[in-house]
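Please read the points below alongside the model; they are set out by local feature, with the criteria given where each term is used.

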Amino acid sequence: MHARNTGPDPLNPFPMVGQNRVGLLKPLVDDPLIEIGEFTYYDDPDGPEHFAERCVLYHYPFVGDRLVIGRFCALATGVTFIMNGANHAMDGLSTFPFNIFGHGWEAGFDPASWAAAIRGDTVVGNDVWIGREAMIMPGVTIGDGAIVAARSVVASDVPPYAIVAGNPARTVGMRFSDADIARLVRLAWWDWPVARISEALGPIRAGDLDALEALAERPR
């Protein structure tokens, strides 16, 4: 008899034997302002355990913005998330942050002028593939199933199942038809229990949406 197909332990940060450059981020990242779903991984020869400090930049607690990444995402080496703490006030004649250096330069600074530049949380959906050295700017939402090409600079929202590339990143293609994308988003297979996902690997790998829908409708 074959062992039951249960998949890897989502709380084991290094499920690939002999490949500690690939790590599941949920058990590796302990930051109240970063939320990462199960089975999302980061690949880095210098160690995925350094993801939060090396890849999530200008993420200051006093700003309060969050980075939210869904389940089953693949993040390649050097992916960078620029958070809102990188922003400068832009309503004056200079963008230089005089106030942060103190010694009297902080006098008269209006925090509201900086707060106006805050773009909100950065959100990455489920089953998203982000290529090597891609840069995600503050407040961007990347939809489920999207692909971000290597070294892209994502400065605006990415639709579900879009393929984006370039600086600034533009949509260069869609992975499926609009109708099939709607079906996939509705199915949300990434939210299924792991045992059910394991059962569905055949249709997922084969791109058989009809079979996946049939499996979803089967009584449990």
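1. The charged end of Arg196 sits over the ring of Trp192, 4.4 Å from its centre, where a charge is taken to sit over a ring if NZ of Lys or CZ of Arg is within 6 Å of the ring centre and within 35 degrees of the ring normal. This is a predicted model, in which local features need pLDDT of at least 70 and side-chain atom pairs count only at pLDDT 80 or more, while totals for chains, interfaces and linings use all residues. Residues are numbered from 1 along each chain as its sequence is written, and side-chain values use heavy atoms, with hydrogens and water left out.

2. Rings of Phe, Tyr and Trp (its six-membered ring) pair if their centres lie within 6.5 Å, with planes under 30 degrees apart counted as stacked, over 60 as edge-to-face and the rest as tilted; by this rule there are 10 aromatic pairs. The rings of Phe96 and Phe101 are stacked, because their centres are 5.6 Å apart and their planes lie at 15°. Ring pairs also link Phe39, Phe72, Trp189 and Trp190 into a cluster.

3. Thr77 lies in the loop between strand S6 (74–75) and strand S7 (80–82), helices (H or I, at least four residues) and strands (E, at least two) being DSSP runs numbered from the N terminus. Thr77 counts as buried because its relative accessibility is 12%, where buried means under 20% relative accessible area, exposed over 50% and partly exposed in between (1.4 Å probe, protein chains only). A polar atom of the Thr77 side chain lies 2.6 Å from the backbone oxygen of Asp43.

4. Helix H3 (residues 178–187) has Ile181, Arg183, Leu184 and Leu187 as its buried residues. Seen down the axis of H3, these fall within an arc of 160°, so they line one face of the helix; the arc is that of the directions from the helix axis to the C-beta atoms. On the other side of H3, Asp178 and Arg186 are exposed. The buried residues of H3 pack against S15 and helix H6 (209–217), contact meaning heavy atoms within 4.5 Å. Ala188, which follows H3, has a positive phi, near 45°.

5. Strand S14 (residues 162–165) and strand S15 (residues 170–174) run antiparallel and are joined by 4 bridges, two strands being paired if DSSP finds at least two bridges between them. Ala165 has Arg170 of S15 as its bridge partner. S14 and S15 form a hairpin with 4 residues between them, and Gly166 in the turn has a positive phi of about 105°.

How values were computed
Polar contact = N/O pair within 3.5 Å; in protein donor to acceptor, adjacent residues only side chain to side chain.
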